[in-house]
Amino acid sequence: MSTDGYSRPLESGVKRDFREAMSYGDYLRLDLVLSAQQPLSDPTRHDELLFIVQHQVSELWLKLMLHELRAARSWIAQDDLSPALKALARVKHIQHTLTEQWRVLATLTPSEYAEFRQYLQSASGFQSWQYRAVEFILGNKDAQMLQVFDHEPQIHRLLAELFDEPTLYDEFLRFLHRAGHPVPKDILDRDVRQKWHLHPSLLPVFADIYDHTNSHWREYEACETLVDVEDNFQLWRFRHLKTVERIIGSKSGTGGSSGVPFLRKALDLTFFPELYAVRGEIGS
């Protein structure tokens with residue numbers, strides 16, 4: 001037994017032989033996950049691995065976020081608000097993690113990125129279908145984006161399904177209607193394929209919820225949770241913009257966008273505008 005104060009003996013019950021048993025690596029398919037980082041620079045540039053890992057990890061978190069948003073939408077449609085809010089709480093933690101990840105990519109200097117940027121060719125984060133799926137389910141629907149995925153029929157079909165389905169917000173408004181709140185019929189019957197825009201007729205509905213929190217607590221809690229989700233999304237967008245600005249400055253994006261100006265326009269997008277507009281009505 002070691003006496004150096006740092007080592008510890010392996011407990012007798014700890015499994016050592018995995019020739020016929022599932023291991024940690026087997027369960028997580030680490031053979032696939034850890035072999036998916038394939039830098040294209042030749043000779044390989046040291047910092048390209050950072051770039052690949054950053055974006056692959058982001059896609060994994062987006063996969064989980066989409067999973068949770070779908071579940072939350074389904075539970076709200078069933079008037080089961082508690083598990084929906086639990087799922088959205090997890091979404092918020094995922095968002096915090098995604099935003100913090102930009103700090104890692106921000107360690108990439110312009111000169112380091114320039115060493116391998118050409119190997120991306122026309123690839124760009126703009127083409128992330130999972131990001132588009134998240135935006136679709138939250139309400140930022142844009143039919144033009146479907147064209148970007150014409151070359152991938154399965155992904156195009158998945159996005160088209162989300163495009164045609166009610167958003168998380170649509171289902172929440174239907175929930176409010178079933179709970180007795182006077183959500184206007186034209187909103188309940190709206191074409192869910194259209195991008196959401198501010199509906200002033202909803203402001204009295206939300207003002208009543210905020211003015212009577214004791215009797216509408218679950219609705220009030222859900223409203224604030226949605227505000228958290230949007231607020232986090234805006235922080236992610238801003239951190240993305242500043243990271244890109246730090247690395248490429250005024251250069252265009254690899255996918256053909258204007259780069260930073262394109263990202264800056266996204267800061268004006270909103271998912272739940274009434275939940276912000278109603279703040280001017282509360283206590284008036």
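**Cavities and aromatic contacts**

Lysine 141 sits over the face of phenylalanine 163, at 5.9 Å from the ring centre. The model is predicted. A search of the whole structure finds three cavities of 30 Å³ or more, and the structure holds 16 aromatic pairs.

**Charges over rings**

- Besides the placement of lysine 141 over phenylalanine 163, arginine 279 lies over the face of tyrosine 276, at 6.0 Å from the ring centre.

**Largest cavity**

- The largest cavity holds about 80 Å³ of space.
- Its lining consists of Leu62, Met65, Gln95, Leu98, Tyr131, Val134, Asn232, Phe233 and Trp236.
- Two or more lining residues come from each of α3 (48-77), α4 (81-105), α6 and α12 (217-248).
- Helix α12 gives the most to this lining, with three residues.
- By class, the lining of the largest cavity has seven nonpolar, two polar and no charged residues.

**Second largest cavity**

- About 40 Å³ of space lies in the second largest cavity.
- Asp170, Leu173, Arg174, Ile187, Leu188, Val192 and Trp196 line the second largest cavity.
- The lining of the second largest cavity divides into five nonpolar, no polar and two charged residues.

**Aromatic pairs and cluster**

- Among the 16 aromatic pairs, tyrosine 131 and phenylalanine 233 form a tilted one, 5.9 Å centre to centre with 40 degrees between the planes.
- This pair links distant parts of the chain, with tyrosine 131 in helix α6 and phenylalanine 233 in helix α12, 102 residues apart.
- Tyrosine 131 is buried at 13% relative accessibility, and phenylalanine 233 is buried at 5%.
- The ring centres of tyrosine 169 and tryptophan 196 are 5.0 Å apart and their planes are at 75 degrees, so this pair is edge-to-face.
- Tyrosine 169 is in helix α9 and tryptophan 196 is in the loop between α10 and α11 (203-211), so the pair ties together parts 27 residues apart in sequence.
- Tyrosine 169 is buried, with a relative accessible area of 1%, and tryptophan 196 is buried at 7% relative accessibility.
- One aromatic cluster is formed by Trp102, Tyr131, Tyr169, Trp196, Phe233, Trp236, Phe271 and Phe272.

**Glutamate 135**

- Glutamate 135 is located in helix α6 (residues 129-138).
- With a relative accessible area of 3%, glutamate 135 counts as buried because this is under 20%.
- Leaving aside residues up to four places away in sequence, glutamate 135 touches Asn140, Phe233, Arg237 and Phe271.
- Of these contacts, Phe233 and Phe271 are members of the aromatic cluster, and Phe233 also lines the largest cavity.

Definitions and conventions
Residues are numbered from 1 along each chain as its sequence is written. This is a predicted model: local features need pLDDT of at least 70, side-chain atom pairs count only at pLDDT 80 or more; totals for chains, interfaces and linings use all residues. Side-chain values use heavy atoms; hydrogens and water are left out. Helices (H or I, at least four residues) and strands (E, at least two) are DSSP runs, numbered from the N terminus. Buried means under 20% relative accessible area, exposed over 50%, partly exposed in between (1.4 Å probe, protein chains only). Contact means heavy atoms within 4.5 Å. On a 1 Å grid over the protein atoms alone, a cavity is a set of points where a 1.4 Å probe fits but cannot get out, and a pocket is an open set with protein on both sides within 12 Å along at least five of seven lines; lining residues have an atom within 4 Å of a point. Grid points are joined across faces, edges and corners, and a volume is the space filled by probe spheres set on the points. Ala, Val, Leu, Ile, Met, Phe, Trp, Tyr, Cys and Pro count as nonpolar, Asp, Glu, Lys and Arg as charged, and the others, Gly among them, as polar. Rings of Phe, Tyr and Trp (its six-membered ring) pair if their centres lie within 6.5 Å; planes under 30 degrees apart count as stacked, over 60 as edge-to-face and the rest as tilted. A charge sits over a ring if NZ of Lys or CZ of Arg is within 6 Å of the ring centre and within 35 degrees of the ring normal.
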